[in-house]
Amino acid sequence: MAVIRPFRAIRPAENLASEIASLPYDVYSTEEARERTQGHPLSFLRIDKAEVNFPEGVDPYQADVYQKAHDLFWEEVHEGDYRQDKAPGFYIYELTMQGRTQTGLVALTSVDDYKNGVIKRHEDTLEAKENDRVRHVDIVNAQTGPVFLVNHKSQELKELLEGQKNKNQLLFDFTTDQGVRQRGFAIEDPSVIEKLKSIYADLGPLYICDGHHRAAAAVKVCEKRRKYNPNYTGDEEFNYFLSVIFSEDEVKSLDYNRVFRSLNDLEPDEFLASLLFHCDFQPVLELGGKKQMEAEDPKDAMDKKHHEFLETTVRPNEKGEFSVYIGGRWYLCKFHDDLRSDDPVEGLDVALLQKYVCREILDIENPRTDPRIDYVGGIHGLEELENRCEKDCVCAIAMYPTSLSELMQVADLGRRMPPKSTWFEPKLLSGLFIHSLED
C-alpha cells in the first residue's frame, strides 16, 4: 500500500558525521542553538536554525535567514564536507539508547500517500511552524530533517534489515553527548531495493510519530512546485519526502508532562481540593519532596536515592494515573472511573487532563498557546519537573505515557490527539541523510 523510493542521499563526508549531526531544529530555542554551535562550525544547527549566524535579535523568519541556510549548505557540499551518492539507494539508520536498539529504513515516502491517508497522522500542525519549514525546504532546495514513521511489524522486514547490516558499508558509527549510539549503512543492491519496495507495498499504512510539520511542509512545497510545473510526471524529487521508518515493536513512547506557571488564582490547597471532584489522590509521604531530602541526605547519595524514589513511588504506573507536584510534595492521582471513556480520543489520559484539570480548574482553553502551561518531555525525568517548580512554575503533572497503539488507533480513525500527547526517544538527528529536491 505504501510507496517507498530510493534516493541519492547527501551525507557527511567520511569521519564528519559526529561533527555535523544535530538534534532537530525544534528541540532548541535560538539561544540554546547559539550556545550549541559555539566552537562547532560544522554543526547542522547552523543550517537548520540559520538565525544563529546573525546578530542577536534578528527575526528568524526574515528572508535572508533562509537564504543563509541555503548558501551555507551548498557551500559546504561544494567544499567537500558532504558527498552525494552516485546511485539511488536505501539506507539503514540504527539507534541504540539505554540498551534498546531500533532499526529504521531511510527512504523517500510519497506526498500523495500522505494526502490520500496511506501515511496517517495523529495531530494537527501550527501554521507558523509549518510555514517556517516550507520556506526552509523551498529555499534550501532540500529536505534536511527526516519524518519519523512507524510500520506494522513484519518479521520478514526485520530479518532483511538485520541481514543488511552485516552485508553493507558502514557509513558512520558514533555516540552522541546524550549517550545514543548512531550507526548508518547503505543498501545499494538492486534486488534488495526491489524486495523492500515490495514488502512495504503489502505492509499497510505508515504512521507519523514525529515530524508532522516537516511532512506538512513537504506537501506544501510539492503543491507549489506542481503548480509551477503543470506538466509534472509525479517522478520528480519534490513529490517525495525524507523519512525514517521503524517497526512498531521497536519504538518507545515516553510520558509528555505538564508544568504550570500559575493556578488560576488558586492556592495549592484549593487546587488539590478541586482535584477531588475528578480524581482520587494520596500524598506520597515516604521521602517527601526534593527540598526535604536535601536536608536529610549527603548530596551524592541523595541524587541516586531521590531518582529511585521518583521512579518507583511517584511515577504513574498505569493508564488513568497521573502525579502532581505542588508545594514541595508529590501526590499520586487517579481519574474517577465514571470519567473514563471508551472513545479513542476522549479516553486518552491527556484528553482527560485537558478537560477536567486544565480547562475546568485552571481555565486553560487552548493548551497550544496559553502561556501558563509548558511541556517537559519524559526523557528529562521527574527531577526536571521539580526543578521547574523551583525555577519558574508552581505545579507540575507527570503523565502515564500515551501508547503507540493508542496513537495508531486514533490515526486509523482519521482523528487527532490533543497537543503534546506523545514524546518519542531517541530523537532522529538532522544532517546525516539529506534529500535534494533537484536530483
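Me: How many residues does α4 have, and what is its reach from first C-alpha to last?
Reply: Helices (H or I, at least four residues) and strands (E, at least two) are DSSP runs, numbered from the N terminus. The expected span of a helix is 1.5 Å times one less than its number of residues. For α4 that expected value is 24 Å. The helix has 17 residues and its reach is close to that, at 24 Å.

Me: What kind of model is this, and how are residues numbered?
Reply: This is a predicted model, where local features need pLDDT of at least 70, side-chain atom pairs count only at pLDDT 80 or more, and totals for chains, interfaces and linings use all residues. Side-chain values use heavy atoms, with hydrogens and water left out, and residues are numbered along each chain as its sequence is written, from 1.

Me: Which residues of α4 are buried?
Reply: Buried means under 20% relative accessible area, exposed over 50%, and partly exposed in between (1.4 Å probe, protein chains only). On the other side of α4, H78 and E79 are exposed. The buried ones are V65, Y66, A69, L72, F73 and E76.

Me: Within what arc do the buried residues of α4 fall?
Reply: The arc is that of the directions from the helix axis to the C-beta atoms. Seen down the axis of α4, the buried residues line one face of the helix, because they fall within an arc of 125°.

Me: Which residue forms a salt bridge with E76?
Reply: A salt bridge is a side-chain nitrogen of Lys or Arg within 4 Å of a carboxyl oxygen of Asp or Glu. Here N and O are 3.3 Å apart. E76 lies in helix α4 (residues 63–79) and its partner in helix α3 (residues 45–48), so the pair ties together parts that are 30 residues apart in sequence. The partner is R46.

Me: Is R46 buried or exposed?
Reply: The relative accessible area of R46 is 16%.

Me: In which helix do E194 and K197 both lie?
Reply: The side chains of E194 and K197 meet in a salt bridge of 3.4 Å, N to O. They are three residues apart, about one turn of the helix. Both lie in helix α8 (residues 190–203).

Me: How many residues apart are R261 and D374?
Reply: R261 forms a salt bridge with D374, with the closest N and O atoms 3.5 Å apart. R261 is in the loop between β14 (256–260) and α10 (268–275), and D374 is in strand β18 (residues 373–377). The pair links distant parts of the chain, 113 residues apart.
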